[in-house]
Amino acid sequence: MIDTLHCYIDGKFERSEHYFDNINPVNGEKIADIGEASQAQVDLAVTAAKRALSSKWGAMSVQQRSALLHKVADRIEARLAEFIDAEIADTGKSLYQVETIDIPRAAANFRTFADLAKFYTGETFVTDTATGEQALNYSVNKPLGVVAIISPWNLPLLLATWKVAPALACGNCVILKPSEETSSTAYLLAQVMDEVGLPAGVFNLILGRGKYIGDALTQHPKVDAITFTGASATGKHIMSAVSSGVKPLSFELGGKNAAIVFQDADLDKAVAGVARSTFTNCGQVCLCTERVFVHRVLYQAFVEKLVKAAEAIKIGYPKESNVLIGPLVSKQHQQKVLSYYQQAKKSGAKVLTGGGVPSFGDERDNGCYIEPTIITGLSDEDPINQEEIFGPICHVSVFDDEYEVVERVNNTAYGLAAAIWTENLSRAHRVAPQMDVGLVWVNTWFLRDLRAPFGGVKLSGIGREGGAHSMAFYSEPVNICINIDKHPYDN
Ligand code: NAD
């Protein structure tokens, strides 16, 4: 187990002036000290990244960079058990999830973008001019420079590497600032970068609390671009804080995602799918469902089965067999989600299951556990149906008509994802593009191809990540125009 986490700056692990506690959400106990970066250390990291950009990383060929990123993936896999333990210690999420999603997908991010970089080429146009001459226009993809990467706590390594891998593959140097709640796998990643011999300054790790060190990083004049995944409120703050610098921004923000269960859905498939989309990772995936709309003919049967599915979920220690749900990430987040449970009851919601904190009669009662919860009876405009809760809760509503449900689903300030459950192919194709979101799943959820576009609309974000979309964000195409004179005899 790691007992002290340090920043990694210019190829060295650095001590900090100030340390804060890393808390295990399973039992509320301290597990490590986290060194918080000072403003001076942020500056050192950015300066080192700038230097490495032209002198080391920039001088390497795409093939050399790609080979190093493959080695990073190999080392993550070689140290799989350590990464799994670190992610579980920080988040309390189940072993099943960490070993099937969080860590393997992080290694896959490095392999995918290492390979894509080799084939990401520019454009070429032959231009005929009005005077009968020609020009050759082509583009060269250059890195943006120093990229600040700010990541959240819900899928810590997966979401950090989703940005680190393409940014490095495109030739940028990076400063990663993971969430203060979940710094351990980012710390291990820094060790891996060191082990594979990434030149000093190419990858830097800055630890600390966003409200103390976030501005020093995002507003640093030598930071060329910012890529952020987190809450919409933090995104708004970053956007206004950096506006004077006019830097490229990529934002993956919150969601208030809906699932629609049409009258022609396969009921059991839909119940299993919505249970998964609501309760995975204790509801702490930006793509999780919080609003469920069910056609009147299936409503009763659907609700009864969904309640049974929720009550069958085993909550417990992350490594206990068959445990699907661990705790929420922190006491603060547990209080936030609980306050929504209480607010829902006050507003007259009917609680079909859950609504409180489970009691274990052991150390876990000091942890951050919460019950999977299903409620009904609130209007679409109620804050419970408008604000992102980010916990294991959904509100179920009845609907009668396709036009009606499309309008109701789109009636939110967010626009990240939607899931449609129907066996009617025409309905699926008709409804999916009408969703005001960046991702629509039909008869599935959280099935991702790393090459496909990922991102949200409205309060859910700006820009797209994934495959060529990430490559496009992390590089700048420069147009080079060569004049081709006519042959002298042709004048
Ligand atoms: P958060 O916004 O509180 O924190 C995210 C990161 O921002 C952390 O590293 C934090 O330290 C940092 N930060 C905080 N204040 C900052 C500041 N002033 N300047 C710079 N950085 C600052 O979010 P969270 O609670 O860690 O994550 C949960 C949120 O993330 C939810 O809203 C969820 O929907 C969203 N999320 C979105 C996606 C997506 O792809 N759209 C994916 C995962 C999570």
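In strand β19, A418 is the bridge partner of A258. Strands and helices are DSSP runs numbered from the N terminus, a strand being E over at least two residues and a helix H or I over at least four. The model is a predicted one, in which local features need pLDDT of at least 70 and side-chain atom pairs count only at pLDDT 80 or more, while totals for chains, interfaces and linings use all residues. Residues are numbered from 1 along each chain as its sequence is written, and side-chain values use heavy atoms, with hydrogens and water left out.

Strands β13 (residues 257–261) and β19 (residues 417–421) run parallel and are joined by four bridges; two strands pair if DSSP finds at least two bridges between them. Both belong to an open sheet of seven strands with mixed pairing, in the order β15-β16-β17-β14-β13-β19-β20. Because β15 (350–353) and β20 (439–442) stand at the edges with a single partner strand each, one side of each has no neighbour in the sheet. From one strand to the next, the twist averages 25°, where angles run from 0 to 180 degrees between N-to-C directions and axes are lines fitted to C-alpha atoms, for helices over the stretch in contact.

Two helices lie across strands of this sheet. Helix α10 (residues 296–311) lies across β13, β14 (289–295), β15, β16 (373–376) and β17 (393–399), at about 140° to β14; contact means heavy atoms within 4.5 Å. Helix α12 (residues 402–409) lies across β13, β14 and β17, and runs at about 150° to β17.
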